[in-house]
Amino acid sequence: MLLITIKKMVSVNLLIVTLGGGGAERVVAELYSSHPADILTRLAIFSSKINAYTVDSNNLTILSSEFCKTKLLKLIYSIRPRIIYCIIRYTLYLRRNKADVSVSFLTDMNITNIISCLLTHTKCLVSVRNNPNSDYSGIYGYILLNSSLFFTRFFADHVIVNSQGSRQVLIQKYHINPDKVSVIYNPKDIQKIEKLKNEVVTESFFQTGEPVLMTAGRLFPQKGHVHLIRIFAELRKTYPCKLAICGVGPLEKQLKQLVHDLQIGGDVLFLGWCDNVYKYMAGSTVFVLPSLYEGQPNALIEALICGCPIVSTDCDFGPREILEDGKYGILCKKLEGEMSNNFLTPLTPAEEDMYVKIKLLLDEPDLRKSFSDKSNERSLVFEKEKTIKEYYDIFKKVCNTE
């Protein structure tokens with residue numbers, strides 16, 4: 001008798017709040033859009049605003065309140081904290097869309113995912129995207145983070161982080177089983193980036209012949225823009241150069257006021273949200289990452305792929321791993337983060353260190369070329385096909401299909 005074995009298709013649900021922009025959102029968009037043919041991948045989000053990453057809508061479900069069909073769910077949505085609504089809504093979603101594994105990104109969705117998976121007997125995988133020591137704001141954020149990691153320790157089937165530093169924090173501080181924690185770097189479509197970086201930069205700001213410093217990231221305290229603007233203002237006193245800032249966020253007004261107060265408005269360009277950030281990276285002299293903490297900074301990897309020489313804080317976590325202890329870019333001291341409202345004071349020791357190292361790169365064209373020439377070999381570590389395969393191999397492993 002001829003026996004035919006039919007291999008069951010693995011089904012994966014991805015969960016995140018929004019695709020409105022950000023590093024974790026970009027990873028989810030890549031995973032959803034590039035899944036293997038033998039895996040059914042669905043995506044659930046809680047915001048209908050998809051203004052950053054375009055994805056196929058066939059297996060996309062929006063769980064926001066405007067799509068609720070019952071008055072009870074709409075009422076629950078009005079109750080704070082909103083995570084109660086998220087748990088109920090996602091549990092109902094999992095009951096309708098049974099999956100072999102549900103995968104969540106970012107703190108609030110990790111709690112939502114773990115509880116919903118417990119209620120629906122679904123395999124649970126969570127992804128921690130930022131430094132677990134610093135990824136919270138205020139008392140509520142602190143409670144949310146620690147609750148998430150408590151539930152992760154006891155109830156998640158596996159955890160994916162994007163840096164070795166974050167992995168060590170989860171193991172040593174939060175006592176998560178080392179066998180349950182894997183490190184996968186953020187996937188990057190190198191061929192696409194190589195193509196987009198060659199687009200022409202039309203802004204006259206980049207055409208003056210003066211060196212251009214560039215940074216990219218949410219205009220948020222974590223990203224350290226205040227420090228970079230102060231450093232640039234000091235550098236501009238003796239060195240003709242410009243500063244381009246790509247990103248949007250709640251600090252935009254404050255940062256623009258600081259630029260005005262320091263009288264450097266003509267030399268600083270706020271680019272806002274950049275559909276093609278790569279052409280600006282390729283067209284800049286030095287890329288600067290002034291972050292106070294990270295998980296694994298996407299912008300740093302992208303600047304590396306674009307061949308832009310890098311100066312970065314040696315913050316926890318990511319930059320030291322990405323730049324291999326300074327082999328592929330210059331590392332400088334961690335920035336202090338806490339400052340008074342008087343931003344017109346002299347540079348701090350850490351700011352002074354970044355100032356010196358930026359000036360070093362500006363002064364040394366051969367050093368810039370050396371970093372740029374070496375960037376291609378490092379970029380391959382983050383190649384999209386390689387890292388996405390690593391993600392889906394773990395999904396399959398959690399489902400016990402391999």
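This report describes the sheet, the cores, a pocket and some backbone features of one protein model.

The model is predicted: local features need pLDDT of at least 70 and side-chain atom pairs count only at pLDDT 80 or more, while totals for chains, interfaces and linings use all residues. Residues are numbered from 1 along each chain as its sequence is written, and side-chain values use heavy atoms, with hydrogens and water left out.

## The sheet and its helices

Helices (H or I, at least four residues) and strands (E, at least two) are DSSP runs, numbered from the N terminus. Two strands pair if DSSP finds at least two bridges between them.

Contact means heavy atoms within 4.5 Å.

Buried means under 20% relative accessible area, exposed over 50%, and partly exposed in between (1.4 Å probe, protein chains only). In α6, the residues G165, S166, V169, L170 and I171 are buried. Their cover includes β5, α5 (138-155), β6, β7 and α12 (319-322).

## The nonpolar cores

A nonpolar core is a set of buried Ala, Val, Leu, Ile, Met, Phe, Trp, Tyr and Cys residues joined through side-chain atoms within 4.5 Å. The largest has 34 residues, and those with the most contacts inside it are M214, A216, V277, M281, F287 and L323. Among the elements that each supply at least two residues are β8 (212-216) and β11 (286-289), while α11 gives the most, with 6 residues. Apart from this core lies another of 33 residues, among them L235, L251, I330 and L361.

Which residue of β12 does F287 stand opposite? F287 stands opposite I310, and β11 and β12 pair in the parallel sense over 3 bridges. In β12 (residues 310-313), I310 and S312 point one way and V311 and T313 the other way, and all are buried.

## The second largest pocket

The second largest pocket is lined by 21 residues, of which R26, E30, Y53, K192 and Y278 lie nearest its centre. A pocket is an open set of points on a 1 Å grid over the protein atoms alone, where a 1.4 Å probe fits, with protein on both sides within 12 Å along at least five of seven lines; lining residues have an atom within 4 Å of a point. Helix α1 gives the most to this lining, with 4 residues.

## Backbone features

Most residues other than glycine have a negative phi, and most peptide bonds are trans.

| Residue | Phi | Relative accessibility |
|---|---|---|
| L106 | near 85 degrees | 26%, partly exposed |
| E324 | about 50 degrees | 34%, partly exposed |

L106 lies in the loop between β4 and α4, and E324 in the loop between α12 and β13 (330-332). A cis peptide bond joins D316 and F317, with omega about -5 degrees; F317 lies in the loop between β12 and α12.
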